[in-house]
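The stops below run from the whole chain down to single side chains.

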Amino acid sequence: MESREYEDPGAPISVPLDRASTATQLLEMRRQMQEVQDVLEAQKTIYIEKEEAFSRREDNLRNKDLELQEALVLFNRYLKRNESKQKNAKQAAEFERKQKEIKVAEIAKKTKEIGKLREKWEELKKKVEQNEKYKDFLHQVYTKHPEDFDERDHIMHRYKSLKKTHEELNIKQKENERKVEELSKLLKDETKAQQNRTLELNNKYAKSSKTFEKILEHKNKEMTKLEFEEHNEAARRLRVSSCIMAVDNLYKRCCTNKSEVMQKNPSKVLRDKHAHDAETSKKQKQTKDPHGIENQVDLTLRKLGIIANYLEDYKSIVEMWKAEKREAKKAATKRLRETIN
């Protein structure tokens, strides 16, 4: 009753199979088998489609797997290349860093060298400026005193020669001072030794007359040596006196001819000095002063200076005469050419 309430009124009325005929049952069974066969065919078709879909999907997955493997190989190669590039980049960066440090050190070194060269250039520039001033000074000296120097370079030559002479004199002075110190030391040692010897001689004199005789003999030898030295001194004074007389004669001749030749006459101070020296020499001769010869030598040296001035004046006169002769010759030649023309 309840089942019938849900049946479709328009549906055909089904007859139970147990009540139907055999043919109907066979047909129903065939129909059911056909339905089952259709379901199987449909399921087979669905299975084939699914199998084809799975096959296509498997092929797609296989292809994607191959693509992934190829991509993985390529990515591995890419990573290796990047790693190599990174390593090379690090090496290049380290090399560049070292090169930078080297270049920075070189730049610092070159900067210091440039600073030194600039300082040296400044020093040289200052020296050049000083030398330019010195050059101007030399030119002014040469311009103001052309009669003393033939050329401007002669001033430097004279300076160098004077400087060299000054250095040589300093060296000689130092050498002489050293010798004087050595001689002083020797003299001191000798004096001390002499004192010791004198003491020993005094002791020996008190003890033995033989030593006294030796001392007397030594004294006689020293007296002989002193007489020999006095003789040599007298001979030297004789030679000096001869030279003084010769210079005095030349001086008198120069003073006699001074109006004709001599232009640089001795000054009044020099004449007074001569007169004073003459009086001093005369007094020393009267008192037999042993140092009179030295004053005469000084006077003779001053006379030699006057004689040198005389000779310079004579040389100047000769040069003036030669110049006048040349001028006269030129004038005569000029007048002769004018006469010929």
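Helices (H or I, at least four residues) and strands (E, at least two) are DSSP runs, numbered from the N terminus. This is a predicted model, in which local features need pLDDT of at least 70 and side-chain atom pairs count only at pLDDT 80 or more, while totals for chains, interfaces and linings use all residues. Residues are numbered from 1 along each chain as its sequence is written, and side-chain values use heavy atoms, with hydrogens and water left out.

**Whole chain**

Color by secondary structure. The protein has five helices and zero strands, in the order α-α-α-α-α along the sequence. Now show the surface. Its accessible area is about 30900 Å² (Shrake-Rupley method, 1.4 Å probe; for residues, only the protein chains shown count as cover). Carbon and sulfur atoms hold 56% of that surface. Of the 341 residues, 9% count as buried; buried means under 20% relative accessible area, exposed over 50%, and partly exposed in between (1.4 Å probe, protein chains only). Of the contacts (heavy atoms within 4.5 Å) with a separation of 6 or more, 55% are between residues 24 or more positions apart.

**Salt bridges**

Side chains of opposite charge can pair when their charged atoms come close. A salt bridge here is a side-chain nitrogen of Lys or Arg within 4 Å of a carboxyl oxygen of Asp or Glu. How many salt bridges does this rule give? The count is 15.

Select Glu175 and Arg178. Their side chains form a salt bridge, with N and O 2.0 Å apart. The two residues are three apart in helix 2 (residues 152-207), so about one helical turn separates them. Glu175 is partly exposed at 30% relative accessible area, and Arg178 is partly exposed at 36%.

Next, select Glu101 and Arg97. The closest N and O atoms of this salt bridge are 2.6 Å apart. Both residues lie in helix 1, four residues apart, which means a separation of about one helical turn. Glu101 is partly exposed at 46% relative accessibility, and Arg97 is partly exposed at 38%.

Now select Lys303 and Asp248. Are these two residues buried or exposed? Both are buried. Their side chains meet in a salt bridge of 2.7 Å, N to O. Lys303 is in helix 5 (residues 292-340) and Asp248 is in helix 3, so the pair ties together parts 55 residues apart in sequence. For a network, select Glu28, Arg31 and Glu35, which are joined by salt bridges that share partners.

Leu250 is in helix 3 (residues 209-256) and is partly exposed, at 43% relative accessible area.

**Charged patches**

Patches are made of residues with over 30% relative accessible area and no salt bridge; like charges are joined within 9 Å, and nonpolar side chains (Val, Leu, Ile, Met, Phe, Trp, Tyr) within 5 Å. Lys and Arg count as positive and Asp and Glu as negative, while His and the chain ends are not counted. The place of a charge is NZ of Lys, CZ of Arg, CG of Asp or CD of Glu.

Select Arg77, Lys80, Arg81 and Lys85, which form a positive surface patch. Lys80 lies in helix 1 and is exposed, at 51%.

Finish with Glu119, Glu122, Glu123, Glu129, Glu132 and Asp136, which form a negative surface patch. Glu119 belongs to helix 1 (residues 22-144) and is exposed, with a relative accessible area of 54%.
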